[in-house]
Every structure is written in structure tokens, then in C-alpha cells.
Amino acid sequence: MKKYLAYIRCGFLEGCAYRSTFITGMLANFIQAVVLYYVWKSIFTYQDAVNGYTWEIMKQYVFVAFLCNSVFSMGFEMSIAERIVKGDIILDLLKPLSYRGMLFFRMLGTAGLEFAATFVLIGSVYLAVNGLRYLSGMRTVLFLISLFLGMGVKFCIQYIFSLLCFYTDNSYGVTKAREILTNFFSGALIPLAMFPGVLRDVVNILPFQGIIYTPCCIFIGTFSARESMISILLQIVWIAVLGLLGTLLGKKAFGVISMYGG
Amino acid sequence: MEMIEVRNLKKEYRIAKKSTGMMGSLKHLIMPQYETLEAVKGISFRINEGESAAFLGSNGAGKSTTIKMLTGIMKPSDGTVRIMGKDPFLNRIENARRIGVVFGQKSQLWWDIPVIESFRLLKNIYGIPEEQYNRNMEKFGEILGLHDFLSQPARKLSLGQRVRADLAASLLHEPPILFLDEPTIGVDVAAKQKIYEFLRETNREKKTTILLTSHDMKDLESICQRLIILEKGKILFDDTIDKLLKKYGGEMSLEEIIIRLFEYDVLV
Ligand SMILES: Nc1ncnc2c1ncn2[C@@H]1O[C@H](COP(=O)(O)OP(=O)(O)OP(=O)(O)O)[C@@H](O)[C@H]1O
Ligand SMILES: [Mg+2]
């Protein structure tokens, strides 16, 4: 375990080395959140509620969803693809570690910085807009658990997509496809409750909701305590399923991969 | 004890058959065609504990390909590899603990963070005891002259400095087997001399098994007793350097024999 934890430190240091990209990236995201806030605001001036969502709820949702989306936001498919093409993946595989475990903790270190900064920034904006009145201690604890599990779900999905990069040269396409899927079906832009009938049912059987929608609803309180528990359980099930899928795919992918260079 | 055992090892690469130019690329996009390239064509050899062997062969002979299969990161197309009795590809993690690897062209150092952090990470990955870590850092620092740049990120090192740091990194956990693929690229003469001495000492005292490739005859002669000549994926010669000199040399030096070999494709 200690060997994996050591990767958090290096991931964190690496994140710090890229602080200028990281700051501009965060600013861009922040502007996006603010824009989204005003878009929803104008929608709700014409309508009191959309599928049960009121402006009261929405003005929390926008910021909480943004916070949830900011962990592992970059995705690592591109960087893995680059390491394959340059042959640097050789050096990762020469280490006595699980490749996936190494990736996870490294990302955790890098994401830690990003998350902490976003937490402070978005947290203050949230408080400025909503004040303290919606907060609940119990829900916050469940939220943090669910947020962490959501990270797990997101990581498993990203890992599977990064394995696809072993087979294709078009890692950019793979990354974009994954980004669109996760952004749309996780509830990053639109709360899933607002989706129309069939689409709502589809979304319910997909793993993406666990990334953002689940923790958000728990925090805001649109899920009852029972619903929250069930959703958290569902996240755990998805991590197990996607994790297994990643393991199976990995077994195949590492057998076909070409090691370039030398 | 047998540290490395290779039997009838083969590697075929699938390579895209593309004609040049835009039209060629387009055609490949629609109807991709592949052909196989046999990089290693069924080689066999064994290396015992404490031996130091060198791979020698012209560019594209299949040396790096073989090393990639021996280190367990690439699956052979056919044949078997045993490292200390086990299949390295199937037991990648266990195998990685027992080997040290340098690919001179690549670096395991983290590009953007200080070199010392890469070393600390290795200490944790391999669970190297504090005492051993300090002793080795002290020793390598001395021999390889690391002290000057340990606090620099790897991107700021010169080629030779980077290679020296990579060599130290691969030795930190004192592996019983060392795979060195062109470990002296860009290293200056004085530092090379120290590296030779150091590797010979490690080989002698710790009985570390070494398999090395290099295009510098000096490397081979200084570090290794045994020579495996690999050409076009096949082994042409496998014995001591002395034997090669006696058999083919006459008045020629190792370098001259090898130049002849590469030019005429046979040992004469
Ligand atoms: N990943 C790959 N995909 C396709 N072909 C490859 C790949 N790696 C190597 N080859 C081909 O396999 C052959 C052997 O390459 P290899 O890298 O093993 O040579 P080498 O003996 O290490 O040469 P050098 O002395 O130049 O380093 C070459 O013809 C090369 O073009
Ligand atoms: Mg090579």
C-alpha cells in the first residue's frame, strides 16, 4: 500500500509543476459554471419548475455539480496514449505495481490540488448565493462518501476508455467520446431528473449518474435518506462491475500492445 | 543457478503496409493492410547467476525486442522465457521486483519534479530499507556524480546526466539481474570508466547477472565476458569474447571483426 501512496506525492508535485495550465483551466471552468448559472436563472424566470426542479434547487445544483465534475476532470486517456506512442509506458510496466493502481493514486495526487482549489472557490460562491440554510451535517457526510465513490466510477470508466487507446491511433476521438458521454449522462450540465421519459430510463441503467448526479442529489436533499443509501450501494456495485471489466479488458490489451522505441 | 533461460523465442510485429504520400494514407484509412515483420526468429540461450553477457548486433537486429520480452513487458509471439524459473510476462509484478532495467533512450525519471523525488518514489515502490537507500545514494552519488543535479527536475539535465541518474535508479533496489539496453549513451569517457568499474564490481561481489547491449565495443569488452551476436533476429555467435578473437581475429581487434561481420553478413 505504501508504494501506491508514494504516487500521490509525486502526482501532487507534478500537478504543482503545471500550476499555470491548471489555474487557467480552472478559470475557464469557473466561467462555464457562472454562465450555466445565468442560463438556468433565465429559464426559471419563465417557468416555476421543470420536472420538479425549482430555482431554489437549481442554484445549489449548478455549483455542487461543478465541484463534483472537477475531480479527475482532465481525464488521462490522452496522456496514456502519448506514453504508448512514445514508448514510455514501458517504464510504467517495469515497476512492481498494478498499472491501474499506480494510475489511480497518481491521479489522486494531481486531482487533490485541483479539488482543494475548486472546493474553496466554488464553496465560497455557493455560500454567497445560497447561504447556510440548506446545509445538513448528515447529508454532507453521505455526500463526501458518494463523491469519493463517484471518483471511483469515473476512474473505472476512464481506465476502460484508455485501454481502447491501445487499439486505436485516434486517442483524441476516444477522449472526446468519453467526455461527451460522461458530461451528458452524469448530470454535469442538466440534472437527470429533467430528462424526458425514455432517456431518463436509459440514464438510470447506465453507470454515469454515479459520478455527479448521485452525490449532488444527496447533498441538496432531493434524495431521501433511503434513496441516498440505495444510490451509494449502486455506485459500489458499478465500481465492482466496471473494475472487473477493466481487469478483463486489460488482460487482452496488454498482450497486444506494441512497445515502441529502443 | 540459471537466471535467464530462453527457448526458441520469437517475436513478430504487425506493421501497417502504407504507401507514401496523402493518397497512401487515405488508402490505408479505408483498407488497412498489414504485413508481419519477424524481428526475433527463434533464439535460445541461457545465462547463469553471476554471468555478464552482451548482445551485439547491427541496428534493427532485434536486441531491444528481446530485452523487452525478457523484462516481461511484451508478450513473445512464440517460445518460452524463464527468469529465475518463472515466465516474466505472466508474473510481471513479481519479475519486476527482481530485475533492474535501463533503456538508455528512455527515462524513468519524472520530467517535471526534482530527480531526488523519483529516487524517493523508488524507495517506496521497492520497499528499500532506509539504511540500504542511504548507503546506495551515497555510493551512486559518488560514482555517478549525482549530487550536482539531484534537486533539478529531469527536464533540466543534460543527456549524460540523465542517463547516469537512470542507471542509479535501476540499481537502487539491488536487483539480482540487470538488463542494460545502451546504458552509456551520451556519457562522457571519464564517467564511462567509472560505470564500467562499478558494474564489474557489482557483478563480482553481489553476483549480479548482467545482460547488456551497446554499440560501443569498449562497453562490451570492459563489462562482459560473454558475447551473443544477434543478426537479423538470429544468434550467430555465443561464447566468450576471447574465443571470438582467437577463432576469427588473427590480428584483428573486436571492432574490426564486427565491422566485417556487419558488412559481409558472415563471420569470416
Ligand atoms: N513496436 C514495433 N513495431 C513494429 N516494428 C518494430 C517495433 N519495434 C521494433 N520493430 C522492428 O523490429 C526490428 C528489431 O528492432 P529492435 O528495436 O529490436 O532492434 P535493435 O537490435 O535494438 O536495434 P538498435 O541497435 O538500432 O537499437 C527492427 O526492424 C524494427 O524496425
Ligand atoms: Mg535497440
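The contact between the two chains takes 29 residues from chain B and 32 residues from chain A, where contact means heavy atoms within 4.5 Å. This is a predicted model, in which local features need pLDDT of at least 70 and side-chain atom pairs count only at pLDDT 80 or more, while totals for chains, interfaces and linings use all residues. Residues are numbered from 1 along each chain as its sequence is written, chains are lettered from A and ligands numbered from 1 in the order in which they are written, and side-chain values use heavy atoms, with hydrogens and water left out.

**The interface**

Between them, chain B and chain A bury about 2700 Å², of which 64% is on carbon and sulfur atoms; buried area is the accessible area (1.4 Å probe) that two parts lose on being put together, summed over both. Of the area that chain B buries against chain A, 23% is supplied by Ile73(B), Lys106(B) and Trp110(B), more than by any other three residues.

The rule finds one salt bridge across this interface, a salt bridge being a side-chain nitrogen of Lys or Arg within 4 Å of a carboxyl oxygen of Asp or Glu. It joins the side chains of Glu117(B) and Arg9(A) at 2.7 Å, N to O. On the side of chain B that touches chain A, the largest share, six residues, comes from α4(B), helices (H or I, at least four residues) and strands (E, at least two) being DSSP runs numbered from the N terminus. By class, that side of chain B divides into 14 nonpolar, six polar and nine charged residues, where Ala, Val, Leu, Ile, Met, Phe, Trp, Tyr, Cys and Pro count as nonpolar, Asp, Glu, Lys and Arg as charged, and the others, Gly among them, as polar.

**Ligand 1**

Ligand 1 lies between chains A and B. Of the 17 residues around ligand 1, Gly60(B), Lys63(B), Ser64(B), Thr65(B) and His215(B) come nearest, a residue being near if one of its heavy atoms lies within 4 Å. The table gives polar contacts, that is, pairs of N or O atoms within 3.5 Å.

| Residue | Part of the residue | Distance to an oxygen atom of ligand 1 |
|---|---|---|
| Ala61(B) | backbone N or O atom | 3.2 Å |
| Ser64(B) | side-chain N or O atom | 2.7 Å |
| Glu182(B) | polar side-chain atom | 3.4 Å |

The protein covers 78% of the 640 Å² of accessible area that ligand 1 has on its own, as given by the Shrake-Rupley method with a 1.4 Å probe. To the shell around ligand 1, α2(B) gives the most, with three residues, and by class this shell has seven nonpolar, eight polar and two charged residues.

Technical notes
A polar contact is a pair of N or O atoms within 3.5 Å; within protein, one must be able to donate a hydrogen and the other to accept it, and residues adjacent in sequence count only if both atoms are side-chain atoms.
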